[in-house]
Amino acid sequence: MIRKKFLKKLISVASAFAVGLGAVSVMQNEAEPVEAASGKTIYNDTFWKDTSGNNIYSQGGGVYKFGDTYYWYGVHYNGADTYAANPTKKVDDTSFKSITCYSSKDLVNWKFENDVLTAETKNFGWTYWVGRMGVAYCPKTKKYVLVTQYNDSILFASCDTPTGNFKVERVQDQIENVLKQGTGDQTIFVDDDGQAYIVCSNKGGRGHQYISKLRDSDYLYAEPAVEVAKGSGREGNCLFKYKGKYYFCASDLHGWNASHSYYMVADNIYGPYSGWKVMEGTDEDFSHVTQTGFFYTVKGTKQETVLFCGDRWSDFAGNGIGYNQWVPLTVNGDDVKFNSLSEWNLDSQTGEWSVGAGNNYILNPTFEADRVSQTTVAGWKASGTGNSNRKGGHTGNWCAQQWSDSAYKATLTQDVKLPNGNYTMKAWVKSTGGQNSALVYVRGAGDDKIVNVNKKMDNWTEITIDNINVTNGTVQVGIYSDANAGNWIMFDDFTLTGNGSAPPVVEENPIPDGKLIKSLKVNDSENCSDWSIQPEFNNGTEVFGDRTFRFTSVPEKLAGAEWIRTACDSKKYTGDEAKFTAGADITLFVGLDSRVSVTPDWLSGYTKTGMTLNDDGDPVVTYNLYINNYKSGEEVILGKLADGSVVNYVVIAKEYDPNDFKEPVEFIPGDINDDKIVNILDMIFMRNALIYPLTDERGKLAADMNGDGAADSSDAVMLQNFLLGLE
């Protein structure tokens with residue numbers, strides 16, 4: 001049997017040999033893994049640069065893949081240049097300069113392509129607001145269509161190429177069914193079939209959320225909107241799709257400031273949607289000091305990863321207009337987790353991501369997330385008296401402070417979750433001195449590590465705690481003061497970074513759900529990429545994900561069923577190979593190689609059906625089919641085979657039907673008492689059955705002499721005549 005993996009290796013070796021003969025420069029590039037790895041790192045909390053070293057100016061837009069290239073469109077506001085030149089104070093100049101286009105092959109390194117729409121574009125006109133835009137390819141016109149908020153209306157423009165100069169096509173003042181004119185933040189979502197939609201709320205109050213399809217014929221008109229939610233004021237409206245489900249997301253009405261992130265879930269783009277939920281992980285630093293901007297789902301060879309692309313406008317945070325902050329989400333059904341990271345790595349080919357070597361694991365380390373004065377700052381726990389934030393930080397607008405006009409004791413802590421390893425923590429401190437005790441500490445990594453700061457520090461001074469050996473996945477970072485009236489100490493810009501790299505983060509459920517088979521989790525990590533859920537079980541389909549032979553004799557009753565294509569090499573795995581959740585009441589079949597000498601223990605609850613499968617391998621394998629039923633929501637364990645001398649099993653699921661796959665019941669007509677003889681005793685049982693109906697299936701079938709589905713007097717007459725020799 002020829003294995004796929006062997007073929008892939010053979011092709012790879014042949015390709016490498018060809019490159020070695022005639023493309024030395026390619027080999028040189030491939031020999032620089034350090035440079036390649038650094039090129040896949042996303043750095044937050046700074047102005048991003050394009051491949052020419054210039055600032056990336058792209059806000060309120062979206063990323064779209066056309067062909068093998070990613071294109072990022074967004075708005076360049078004049079105020080972004082002002083802020084970048086002097087990022088120390090609030091800038092709210094949103095006068096329009098252009099819509100920019102950048103291109104990338106890896107979603108990390110971006111090349112500036114063009115200002116595809118500018119204030120000088122013909123028929124563009126006067127504007128006081130342009131933003132929240134996106135681009136979709138219309139297959140019927142073969143044009144790229146740009147859709148953007150334009151004052152209180154929506155402007156449509158088109159171009160023959162994704163990077164060319166777009167032409168203004170029309171302006172639509174109103175989307176039917178949307179309250180009043182204008183949308184209260186919008187994005188352009190393109191579904192898997194290429195159809196494009198506007199995702200928005202109403203402008204006034206923003207308490208209604210809508211989906212509006214772009215007209216099929218040209219994408220130059222927003223069709224009447226469907227209201228998918230109401231009652232909660234939301235902005236930053238955007239949508240992502242993950243494994244068949246739609247996630248409508250939005251932020252609080254905080255203006256241009258950081259926010260919780262909210263989401264609703266549905267199986268259809270038009271709903272019905274669940275209620276709003278706060279995205280886990282957005283409490284501690286308000287979505288890494290952003291609001292929802294847009295999403296992009298990376299469909300890699302190993303897993304899907306959703307990118308949260310947040311806008312950091314943040315008027316009051318001291319790091320506003322022009323910033324983009326991207327982080328990966330962890331999505332598991334209706335549960336969505338925001339991974340707040342300052343530095344992380346993305347492989348756009350596989351879809352895998354990992355925490356960057358320089359990631360700061362402390363959340364809200366600069367105390368900018370709250371935007372306003374607080375006694376307990378986001379991400380930190382306060383006890384005692386005297387804790388607050390205050391303006392005048394080491395960087396940005398805010399820092400943390402411990403102070404009171406009377407004697408006080410104050411503690412401010414954060415419990416930090418992080419991988420085991422060795423870390424260094426740093427912070428910036430100013431102090432009046434004079435405290436009975438004032439210290440910064442790390443607890444939970446062996447003995448407490450403490451720096452005393454109860455001394456006069458008129459200028460910001462950096463402190464360091466190094467050699468923090470984490471062994472249980474968490475440490476506590478703390479600030480403590482036991483101080484006299486009027487003593488104060490200020491803290492800012494904490495960092496807690498590892499002295500090594502972190503492993504890749506692989507999603508728990510990289511295999512897309514089926515209708516009957518949900519949340520398939522493969523324990524055999526070495527071969528899990530060759531497992532999949534297949535929609536139709538038929539002759540001619542490949543048996544395994546890592547082999548090339550196919551089924552040749554699928555029973556008619558199983559044709560078209562949903563099934564799990566396992567990896568043949570998982571047959572060697574020494575634990576339970578996988579598990580899944582039944583998405584409905586199901587009848588499950590396991591096809592087991594007939595050469596298996598001992599039926600595995602986990603199949604003890606199954607019944608051997610007598611049905612078989614065959615393949616066209618060499619040798620041909622016959623699979624005996626075993627059957628069992630499971631209730632919706634029940635966990636199904638697919639146990640170990642641990643036998644390298646045979647092939648692995650296959651798994652087929654059909655929606656449960658009580659009339660399907662019944663085991664035949666053996667009976668002799670008239671033998672009601674089941675003694676294998678039809679005699680006068682059976683007549684007595686028949687008469688009793690007319691008064692007290694039989695309950696066992698075999699007895700009912702034996703008593704139904706005429707086969708009309710019921711045991712009644714006509715059957716008694718037939719049995720009597722038989723015993724008298726009349727029939």
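## Salt bridges around Asp185

The side chains of Arg206 and Asp185 meet in a salt bridge, with N and O 3.7 Å apart, a salt bridge being a side-chain nitrogen of Lys or Arg within 4 Å of a carboxyl oxygen of Asp or Glu. Because Arg206 lies in the loop between strand 11 (196-202) and strand 12 (208-213) while Asp185 belongs to strand 10, this pair ties together parts that are 21 residues apart in sequence; helices (H or I, at least four residues) and strands (E, at least two) are DSSP runs, numbered from the N terminus. The model is predicted, so that local features need pLDDT of at least 70 and side-chain atom pairs count only at pLDDT 80 or more, whereas totals for chains, interfaces and linings use all residues. Residues are numbered from 1 along each chain as its sequence is written, and side-chain values use heavy atoms, with hydrogens and water left out.

Asp185 also forms a salt bridge with Arg132, the closest N and O atoms being 3.7 Å apart. Since Asp185 lies in strand 10 (residues 183-190) and Arg132 in strand 6 (residues 130-138), this contact ties together parts that are 53 residues apart in sequence. Asp185 is buried, with a relative accessible area of 10%, and Arg132 counts as buried at 5%, where buried means under 20% relative accessible area, exposed over 50% and partly exposed in between (1.4 Å probe, protein chains only).

## A further salt bridge and the network

Lys579 and Glu635 meet through their side chains in another salt bridge (3.6 Å, N to O). Lys579 lies in strand 38 (residues 578-582) and Glu635 in strand 42 (residues 635-638), so the pair ties together parts that are 56 residues apart in sequence. Lys579 is partly exposed at 32% relative accessibility, and Glu635 is partly exposed at 46%.

Salt bridges that share partners join Arg132, Asp185, Arg206, Glu235 and Asp311 into one network. By the rule given above, the count comes to 28 salt bridges.

## Aromatic pairs

Aromatic pairs number 39, where rings of Phe, Tyr and Trp (its six-membered ring) pair if their centres lie within 6.5 Å, and planes under 30 degrees apart count as stacked, over 60 as edge-to-face and the rest as tilted. Tyr102 and Phe112 form an edge-to-face pair, 5.4 Å centre to centre with 65° between the planes. This pair links Tyr102 in strand 4 (residues 96-104) with Phe112 in strand 5 (residues 111-118), 10 residues apart. Tyr102 is buried, with a relative accessible area of 2%, whereas Phe112 is partly exposed at 35%.

The rings of Trp602 and Tyr606 have their centres 6.3 Å apart and their planes at 85°, so this pair is edge-to-face; Trp602 and Tyr606 are buried. One aromatic cluster is formed by Trp48, Trp72, Tyr102, Trp110, Phe112, Phe294 and Trp326.

Five strands form an open sheet in the order 24-27-32-29-30, with antiparallel pairing, two strands being paired if DSSP finds at least two bridges between them. Strand 24 (381-384) and strand 30 (449-452) stand at the edges, each with a single partner strand, so one side of each is left without a neighbour in the sheet. Strand 24 and strand 27 (residues 408-417) pair in the antiparallel sense over 4 bridges, and Gly384 stands opposite Ala410 in strand 27.
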